[in-house]
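My notes are in the order in which I looked.

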Amino acid sequence: MIYVISDTHFNDDRTFPFDKEVIGKDMTKKDLDELQVQNWNSTVRPDDIIYHLGDFGKFSDAEALKDFVAKLTGHKILMLGNHDIELALDLCGITGYGDENKAAHYQAQQKIIQFWFDAGFSMVYAQPTFINKFMSISHEPPQFVHVPFLRLFGHVHTSMLYRTITPASACVCACRWGFTPVSLQRIKELTTACRNSIMENNATGSMDYFPEDVIGLV
């Protein structure tokens, strides 16, 4: 089975206000992290593949990060998010990232990728890429949505500018799915339902083809 998730932000209080919008008011950041680990390990089996689409978490050092990654089941693949890049730059003292000198930027990017390899991810992507032929993954939402490609993204947390599911995209931020990895099979089912609704509603002139949004499953 293949799963996806993004924006878990383990150990990172900076994004907790976003998560508080969809969890119990009495839950602390520590409670949420424990819930996310429990949900991950009860959903993803050791032989499953899980794509994390960025912003994994914040840690004091590389060893603490490595120990935390090791607690999570599955073959873990990372699409770098802005916070993942920030963490690598901070902990490793990497310079040159974002430099106008392309060679310096590339070398820094390779060091960032290696940092996350060393943390325990089996594959690390620095740029949006395709999986399963017709599915793209990126941390930030795409600039456009073009059928027949299905685009998966994170980054936007609870922003209602972005639907969780559309006929050609899915936001996989943890807070949208009960802080639990979601399978590609489930995403395909929901996006297919959107497409089918479009076909049905075309006959009536209705544009209300979105299914009920899945924010707030906790």
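**Ground rules.** I am working with a predicted model, in which local features need pLDDT of at least 70 and side-chain atom pairs count only at pLDDT 80 or more, while totals for chains, interfaces and linings use all residues. I number residues from 1 along each chain as its sequence is written, and side-chain values use heavy atoms, with hydrogens and water left out.

**Salt bridges.** I searched the whole structure and found five salt bridges (a side-chain nitrogen of Lys or Arg within 4 Å of a carboxyl oxygen of Asp or Glu). I looked up R14 and found its side chain bridged to that of D12 at 2.9 Å, N to O. R14 also bridges to E86, with the closest N and O atoms 2.9 Å apart. R14 sits in the loop between β1 and α1 and E86 in helix α4, so this pair ties together parts that are 72 residues apart in sequence. Helices (H or I, at least four residues) and strands (E, at least two) are DSSP runs, numbered from the N terminus.

I then checked burial (buried is under 20% relative accessible area, exposed over 50%, partly exposed in between; 1.4 Å probe, protein chains only). D12 is buried at 1%, R14 is partly exposed at 39%, and E86 is partly exposed at 32%.

Another bridge I noted joins D48 and R45, with the closest N and O atoms 3.3 Å apart. D48 is buried at 2%, whereas R45 is exposed at 52%. Through shared partners, D12, R14 and E86 form one network.

**Cores.** Which residues have the most contacts inside the largest nonpolar core? I got F56, L65, L80 and W116, in a core of 38 residues. A nonpolar core is a set of buried Ala, Val, Leu, Ile, Met, Phe, Trp, Tyr and Cys residues joined through side-chain atoms within 4.5 Å. At least two of its residues come from each of β1 (2-5), α2 (29-43), α3 (62-70), α4 (82-92) and α5 (102-119). The largest share, six residues, is from α5. Apart from this core lies another, of 19 residues, including Y51 and W177.

I listed contacts of F56 (heavy atoms within 4.5 Å), leaving out residues up to four places away in sequence; among them are L65, D84 and W116.

**F16.** I placed F16 in helix α1, residues 16-19. F16 is buried at 13%. Beyond four places in sequence, F16 touches I23, M27, T28, K29 and L32. T28 is twelve residues from F16 in sequence and 8.8 Å away, C-alpha to C-alpha.
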